[in-house]
Amino acid sequence: MQIFLRLFAIFLIPLALSSLVSCSESPKPDEPKDPLITERDSLLTVYGAQIDAKELEYLRLYEHGISQNTYLYGKTRGQFWMGLFASPNQKTAEYLLDLDPESVIPSAYYTPASHSYQASGFELIQIHGQEKSNQAADAPVSKSILRILLNTYELKSHTSYLPKNEGMLMEFARRWKGGFLLEHTGIVSAYGKNTTQYLSTDLKESIVWDCRAPSSPRSNILYFHEDFYLQVGQNSVGGFDYSACTSWTINTLDFFNLSSCEGCTTSLKLLNQIGENITVEVRVNEETRHALIVYRSGKLISNEVVE
C-alpha cells in the first residue's frame, strides 16, 4: 500500500507543478482592435498596391457614388483623401484635399454626409469634417462640396463652416445659371436651417440663402439670375426669388377675371423677356390676350386683348 501511495505521489506532484506553470504562462487575450483600423487594413489588403497616399489614419468605403467605380475615402497627414477604382488592380483617380483651409479643426474626422448627386455630367458629394472629441454645440464643422467632372474625373472642392448644431444635408442638386443650385435640409439637428446655395461651376463663387422654394425647381424652369427662376406651364406662370424668399403665381383664368370655366380650352406661353419684364400670351377659347408682367414681383403692368 505504501508503495502504491509513493508511486501515486510521484505521478501527481509533477502533474500539479506542470499545471501551475502552464496557468502562469498562458498568454493574455489580445485587446480588441479599433474597427476603423481593421477596416483600413482590410481595404489596404485589396487596394493598397494602387494607393499612392501613405500613413492613412483610416480608410473607408463610400457606397453611394454614381459612377461604376468603387469609392474609398480616408485621411492622411491632416488632409482628406479619396480614391476611385475601376477594380482592385485599376485606379481611376486619386485625390488629396485640404478641406480645412482655415485650420480650425486640426483633428477632423471626414465622412460623406449623404449620397452623391448627378448634375449634367458632374457628380457632387458633400463631406463633413468635425473633431470627434469636441461635444460643444457650437463647435465648428466643415461642410465641403466635391465636384467631379465625370468624363475626366477632374475634382474641385469648396469648403464653408457651420456650428455642429446647425448641421445640414444636401437634398437636391442641379445645373443652374453658370453653376449649380443646391438645396440643404436642416432636419439633422435641432437648430438646422433649410437653405439654398448657388455655386459657380469652378466653385469659386458661393451664395447661400436662408430660404428654400416650396418645391425643387423642375427641368422646364428659366433662371434669369442666380437667385430667381421663372416657371411657365400650360395654365399658369410664376416666379421664385431666393434673395427675398418670395414667390408669385398667376393662373390663365386670372387674366380673364374668371374663377372657373368648365369645358373651356386654355393655353399660356411665354413670348419674350425684355429687361425686368416678360410678355405672356394667354388664351381662353377664342379670346387671346398679351400680358406684360414684372417677372420678379409678378406685378401685372398691362393685359390687352389681341384683336
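Guide: Gladly, and please keep in mind that this is a predicted model. Let us begin with strand β2, residues 70-76.

Visitor: What makes β2 mostly covered?

Guide: Buried means under 20% relative accessible area. Six of the seven residues of β2 are buried, so the strand is called mostly covered.

Visitor: How do you know that β1 and β2 pair?

Guide: Two strands pair if there are at least two bridges between them. Strand β1 (residues 56-62) is joined to β2 by six bridges, so the two count as paired. They run antiparallel, and the bridge partner of Y58 in β2 is K75.

Visitor: How many bridges join β2 to β3?

Guide: Seven bridges join β2 to strand β3, residues 79-87, and these strands also run antiparallel. If you want a place to look, G74 stands opposite W81 in β3. The two strands form a hairpin with two residues between them, and R77 in that turn has a positive phi of about 50 degrees.

Visitor: What makes β18 and β21 edge strands?

Guide: Four strands form an open sheet in the order β18-β19-β20-β21, with antiparallel pairing. Strands β18 (266-274) and β21 (299-305) each pair on one side only. From one strand to the next, the twist averages 20 degrees.

Visitor: How do you know that β18 pairs with β19?

Guide: The cut-off is at least two bridges, and eight bridges join β18 to β19 (residues 277-284), so they pair. These two strands run antiparallel, and within them L268 stands opposite V282 in β19.

Visitor: Which loop holds N285, and why is N285 called partly exposed?

Guide: N285 is found in the loop between β19 and β20 (287-294). Partly exposed lies between the buried limit, under 20%, and the exposed limit, over 50%. N285 has 37% relative accessibility, so it counts as partly exposed. Its phi is near 55 degrees, a positive value in a residue other than glycine.

Visitor: Where is C245 found, and what is its phi?

Guide: C245 is in the loop between β16 and β17. Its phi is also a positive one, near 55 degrees, in a residue other than glycine. With a relative accessible area of 39%, C245 falls between the two limits and is therefore partly exposed.

Visitor: Which elements line the largest pocket?

Guide: The largest pocket has a volume of about 250 Å³. Of the 16 residues that line it, the closest to its centre are Y229, Q231, G238, G239 and T249. The elements that give two or more residues to the lining are β15 (228-232), β16 (236-241) and β17 (246-251). Strand β16 gives the most, with five residues.

Visitor: What share of the contacts join residues at least 24 apart?

Guide: Among contacts between residues at least 6 apart in sequence, 40% join residues at least 24 apart.

Conventions: Residues numbered from 1 in each chain as written. Predicted model: local features only at pLDDT ≥ 70, side-chain atom pairs only at ≥ 80, totals over all residues. Heavy atoms only, no water. Buried < 20%, exposed > 50% of the residue type's maximum accessible area, 1.4 Å probe, protein only. Axes fitted to C-alpha atoms, helices over the stretch in contact; angles between N-to-C directions. Contact = heavy atoms within 4.5 Å. 1 Å grid on protein atoms, 1.4 Å probe; cavity = no way out; pocket = protein on both sides within 12 Å on 5 of 7 lines; lining within 4 Å. Points joined across faces, edges and corners; volume = space filled by probe spheres on them.
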